[in-house]
Structure formats: structure tokens, C-alpha cells
Amino acid sequence: MSGTTRPDEIDLLIGKMKTAAAPLREVLREIHARHAAVDEGQVADYIPELAKADPHWFGLALATSDGQVIEVGDCRQLFTIQSISKPFVFGLALEDHGLEHVLSKVGVEPTGEAFNAIVLDEASNRPFNPMVNAGAIATADLIKGRDFPERVTRLLAMFSRFCGRDVYIDNAVFMSERLTGHRNRAIGHLMLNFGMVGERIADSLELYFQQCSVLVNCRDLAVMGATLANGGVNPLTGQRAIEQSYVKYLLSIMLSCGMYDYAGEWAYRVGIPSKSGVGGGIVGVIPNQFGIGTFSPPLDRKGNSVRGILACQELSHRFGLHAFESGFSGPTLRDLLAPPRQGDLR
Amino acid sequence: MAKIISTHSFRGGTGKSNTTANLAVLAARAGHRVGIIDTDIQSPGIHVLFRLGPGDFRYSLNDYLWGKCRIEEAACDVTTRSIGQVDEDADRPRLFVIPSSLKTGEIARILREGYDVGRLNDGLQDLLKRLRLDYLFIDTHPGVNEETLLSIAVSDLLILIVRPDQQDFQGTAVTVELARKLDVPEMFLLINKVPTGMDVVALGEQVQSMYQAEVAAILPLCNEMVRTASSDIFCNRYPDHPLTNELAAVTARIVGANP
């Protein structure tokens, strides 16, 4: 350590060490070890690239809204973000157009239909919400830019701000998605028929396939969650990733629609605004406190990561993380992060 | 509850590794299960005191940090060689050393690539559990680096070793400040290598007021220690030496409060 170290750098280092030494680490390791033993679910195989994932991969990461990160297991393994991209692109659309215009193109109602259903709201012709494919394609269509490359650049820049590092597209996954994306093209053209998207729908579909193919790791998911938990400012970089006033609109849509057709039960049982993807990731947000990232490729029949669900469920129950928990008397995650240390400092 | 004790000095040459090894041996002799881990990855040294060569251990701390082994697989049982007559099956006393790698390439790799400090803490916690330790001594790298800060952050007790030397005094102030920021529950100082003829009472008072931290012992610079030249554990070779008695008193303080 040189004499030029700034005081805030020392505080960051002290914080890092306190986090590495925190009892919460042991708790996460224990939760990780228990669910790592679970041997259920199927790795997504609708495109060959996803089927290559190792079913044993399992990462669990937690990032605080003040920038401390705890990682257990396979937290640096890259995978494609898939549907987890949806709320974040929705956020970018809100920034580009404001709430009312976006809501005129896509609703915010939960739907019991499958995520890839070819169905629009009959009265308004809008997709039900931005978490189903139809809504996500309508949302991608809203992303501004002079031309297609600029729209892609803006999209990647947004994800990079959330992750606190430059992110890239997995080209093999992108190519597979666009080669096999007939159903999504059908959805796009249905919306074009109703005038809900513009003539550039072909580009917007490409953009949608790109957004699904962004490579992230489990730590990134925790940091993205922590950025939302921190009012839209990435706690690692101090950079704003989204306007503060829009954060709540992302979180409420994640709570009501984030977990495919398990969303209702998730909101009821777990109560953490979350979004899952078929790559095996889940991002969760505890406002003002934490972002949670989990990654494990085997999925249940509804398309959610089996181990990820179990880990989030356990965290929620043990530490009172349900959005509507009140009067919780057990230890909180914060207690375990910075416990009062016994003894007198002489 | 197991207790983690870190020994640290701001500069090299204070006798830190020697003191740590002696305290650990004395704690084991007092009937405990004790571990010493060498987190001085850049300049490992504790193995020398226990006469462990590269052929005596298959895995080191480095291997654990790279995920090549479990931490307990890097532990060498040195009970017999450092304490002597102990029943093979006896649960206590027991002394384990977890060395750092002595291979230049492996030292260079850790310095180049770094590692996850969280994983180091996982290893320390696993050692306590899996070897069922009563005490774990951490021999840290001189100065301040990540291993040192983590060691302090997880410690129940921090022992700072200083020589009566202005450079030691100034540097130690940095460590004391960091230790306080890391909320270490207990901390004391050992003044080591004090030449004969020095006013030890005045020295003790000076150091104590300098850091607002207790001086637990003032240890003399002695020829026998110099002659041992880190080839052996001092308290084994000189069981009746006044320095051994002083070290035993410090050990009693560490284990006495936590039988």
C-alpha cells in the first residue's frame, strides 16, 4: 500500500475485508452446499448452445447497495442473460419515451399464458406485459437510435452500466436465436399487423435476439440487482444506470411478472422482485439493501432455475426478505454482514 | 469456541514467525488442538521452523486458493516432531502447520493473478471446523496487504510485534489504525528483541501510550535465539530459558481466557 492511497480507497478495502470475513459468507456457503446437492431439472435445449451448459454449475452471489459483493460457487462462469434482459430493456424504453408512451405500447398486467404465447390484449392490442416475449419485443422496438448499430450500442452500454464492466454478445447463441426465432417473428408480425410496432420490426427482432444473448455471470446479476436496490446507481462504479424514478416500475413488474407462469406463487411465497432466464440465472432485488444473483442451468417445468428458486426461497424465509414482511424478529442479512464484534478493543 | 489469533508486524525481521511458532507450540503443549497457517504467500517461512521441506507436504495454501484441494489436505500434522511423545490417536494435544508454497513459480502466480480473499476466509473457517481446532494462529506477511487485512478482520486477537526501533514504531501505527477500523475485538503488542541495558519499564510505557494498546510482554534479544537461527522451535530447545517463560506467560494469556 503506497503513501498515496486515498482515504476512500482504504475504506473500500476495509469494507471488502469485512465482507470477506462476514458470517453471512458462511451462511451463503451453507445454503449453496445444501442446494448444490439437488439433482433436479433440465438444462434448456431449444438451441444447442444452451444445452452445452454443465448441470452442476451453481453460483450464488449477493451485492449490497453500498458495493460489497459476496460470491459463492460458480460466480464467474459466463452464460446468456436471456429473459433477465427484459426488465432492464424496459427501463431503457422508459428513459427513451417516458411512462405513458411506453404503457400505450405494452401493458403491465400479469398473464397466466406461457411466456412465448402469441396473444395480445384484445381491447388495446397491447402485449400483456414486458416480461412475456411479445411485450419484450414491443419494448425492444421502442429503443431509440439513429440506426440498428446505434441501438445495439445503446443497449450494450446500458447493460454495461448495470454490470459495472463492458459486456458482450455471445454470437453463437445470437445466431441460433435468430435462426430458430420463428415464433418470435410471428409475434412481431402480429403486432405489426395491429400497428403496435413500426416498420423497423425486423431490426427490433434482431435487437431482441441480441439482448437475450448478452453474456453475464452470477456476480453481474447480483451487481445489477444491487444497482436497482441502490436507486439506479451502480454501487461499484458510482455510475447511474437508470433514472431513480423508474426503478420502482421495474421492480413492480418483476414482482408481478418476473418468474414466468410461476410469478403469482413467487410473489406470494418469496416476495422478492426477481427475473429469471432460461440460461439459468435469476436476479433478485431487496430495495435499499441487496441484489441477489443465482446461476444454475437446470430448469423446472416453468423455466426457472431449480437451485436458484430454492436458494432465493431459503434466503427470503430465513432473513425476512419478503416485500410484505413486517415485524420480522430473526436476524437480517445486514446483521450477518456487519455483526457487533464481542470484546473490548484495548 | 475456537479462537483465531493473528500475529503481525509492519516490517520484516521482528521475529514474528519465530514468536508465532513458539506460541503455537506452547498452546499445543497446554493440551489444545492448534493450527498455524502461513498466509505470508510472498515470503513463506513458518515451514522452516518445523523443518518441513517441499517433500513433506503434497498441498499448500496456494493449492487450496486455486481450488486444487480442500484446505485440510494442506495441513501437516507436526505434533510428534514439535511436541514429542504424544499418543498417535490422542485428540489433544495436536499441532498442524498449513504451509504456503515454496515454489517460485507458484509464488509468482499468486502475486500475478491474485485470488479471492473470501475463499481464504472460507479456508480458515473450514480449518477450524474440519480439524476441530481450539486455536488457529495466522502468520501474516509483514506490512499491509490483502491477506493481512483479511487475517485481522477475522481474528479474535491480534498480536502486533515491534522492535524498539523508530521505523517499527511508525509503521505499527498504521496497522493499529487499520485494526481499529476492522473492529478487531482484542489486540496487544509484544516488544521483541530488546537489547540488554534498555529501560524496559519506560519502553513499555512509551509504546503503550503511543498506540493506546496494551504491551503484553517485553522480550529480550538473546543470543540463544540468534544462534538457533530459525532451525528449531526455541521453547523446545531451551525449555527453561527466561524467554521461554515469557512466551509461556503470553500463551497462558491467550489460552487462559478461552480454556
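Student: In this predicted model, how far apart do the C-alpha centres of domain 1 and domain 2 of chain A lie?

Tutor: This is a predicted model, in which local features need pLDDT of at least 70, side-chain atom pairs count only at pLDDT 80 or more, and totals for chains, interfaces and linings use all residues. Residues are numbered from 1 along each chain as its sequence is written, and chains are lettered from A and ligands numbered from 1 in the order in which they are written. Chain A is divided into domain 1 (22-82 + 215-323 + 330-337) and domain 2 (83-212), with bounds that come from an automatic or database domain assignment. The C-alpha centres of these two domains of chain A are separated by 22 Å.

Student: Which element supplies the largest share of the side of domain 1 of chain A that touches domain 2 of chain A?

Tutor: Two residues are in contact if their C-beta atoms, placed from the backbone, lie within 7 Å. By that criterion, 39 residues of domain 1 of chain A meet 32 residues of domain 2 of chain A. Helices (H or I, at least four residues) and strands (E, at least two) are DSSP runs, numbered from the N terminus. The largest share of the domain 1 side, seven residues, comes from α12(A).

Student: Why is chain B described as being as compact as a globular protein of its length?

Tutor: Chain B contains 12 helices and eight strands. The radius of gyration is taken over C-alpha atoms, and the globule rule is 2.2 Å times the number of residues to the power 0.38. For 259 residues the rule gives 18 Å, and chain B is as compact as a globular protein of that length because its radius of gyration is close to this, at 17 Å.

Student: Which strands stand at the edges of the sheet in chain B?

Tutor: Eight strands of chain B form an open sheet with mixed pairing, in the order β3-β4-β2-β5-β1-β6-β7-β8; two strands pair if DSSP finds at least two bridges between them. Each edge strand has a single partner, so one side of each is left without a neighbour in the sheet; these strands are β3 (76-77) and β8 (214-220) of chain B.

Student: Which element gives the largest share of the side of chain B that touches chain A?

Tutor: The interface brings 21 residues of chain B into contact with 17 residues of chain A. The largest share of the chain B side, five residues, comes from α6(B).
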